[in-house]
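Here are my notes on the model you sent over. Have it open while you read.

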Amino acid sequence: QMCIRDSNYPSEVWAQNLYWNWLYSLMPLLFPKGSGFPPFMQNIAWTDKELFASLGSWSELRHDTILYVKQSGTERGGMPYSNLIQGFVEPNPYLFARLASLAEFLITGLNANQLLYASFETHLKSLHELLLALKNIAEKELTNHPLSVDDYELICNIGETLETIVEFAEWGTEGPMTGEELKMPVVADVHTDSNTNTCLEEAVGYPFVIYVICPIEGELVLAKGAGFSYYEFTQPISQRLTDEEWQQMLISGSEPPLNYWTVSFMDTNY
């Protein structure tokens, strides 16, 4: 289902709720990247990496909506310019544009249902502004326009910015995202096979490190970033995993192997 092109469904389907909108936002990751994109994006390895990331994001989505989705079954402060890290944003403006629209969609929907609390509005608007800024940076990179000091500062502080958006620190320990909920590894069973008494688990692990060679200030630079880790495996129905059990498997090194096709972009000796 992740490979379905936009045209296969009318716009009303993609816009029906947050779940479908999120899938719509992931589609630009899967479009072939032509000559207008950097060389590192024009190969099978990058295409596989984008599919891997999309599946990881979909796994998180299923985890967060598991109670509402029918399971299938068989029968901070500025830094001096000289100290800024001159980073690089994955130049996919279509992705950031759709995510920004999704944030706006969520603001509108919550407001229409009188659920847009002041704190939610502040954080969602911050997310919307961040995504539009990333879209703008991606467009500059694709058109060979130099990035500004503000652009590099945004990239340098991206971790801090995202942490502020998701943590809801002003809520204290009662906020919607605290403690255990902030751990990245999650797992969800998405299909039950009664014939074999097994269930299909989709899981996200701790982030992997990604390296790409990209142009920064007219020079080719080896850049380091983070990417999704994604796992798909079966479990006995009687042993469906909780997030805590899955996290313990990762910590102990007993997680299942990655999909075989990840060899195109993954260091198998990691």
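1. Is Cys-156 buried or partly exposed? Cys-156 counts as partly exposed, because its relative accessibility is 23% (buried is under 20% relative accessible area, exposed over 50%, partly exposed in between, with a 1.4 Å probe and protein chains only). Cys-214, on the other hand, has 0% relative accessibility and so counts as buried.

2. A word on the source: this is a predicted model, where local features need pLDDT of at least 70 and side-chain atom pairs count only at pLDDT 80 or more, while totals for chains, interfaces and linings use all residues. Numbering runs from 1 along each chain as its sequence is written, and side-chain values use heavy atoms, with hydrogens and water left out.

3. Disulfides: the count is zero, taking a disulfide as a pair of cysteine sulfur atoms within 2.5 Å.

4. Next, Ile-213. It sits in strand E4, residues 208–216 (strands are DSSP runs of E, at least two residues, and helices runs of H or I, at least four, numbered from the N terminus). With a relative accessible area of 53%, Ile-213 is exposed. Leaving aside residues up to four places away in sequence, Ile-213 touches Phe-40, Leu-220, Val-221 and Leu-222 (contact means heavy atoms within 4.5 Å). From Ile-213 to Lys-224 is eleven residues in sequence and 9.0 Å in space, C-alpha to C-alpha.

5. Have a look, too, at helices H2 (18–30) and H3 (44–64): each supplies at least two residues to the lining of the largest cavity. H3 gives the most, with three residues.
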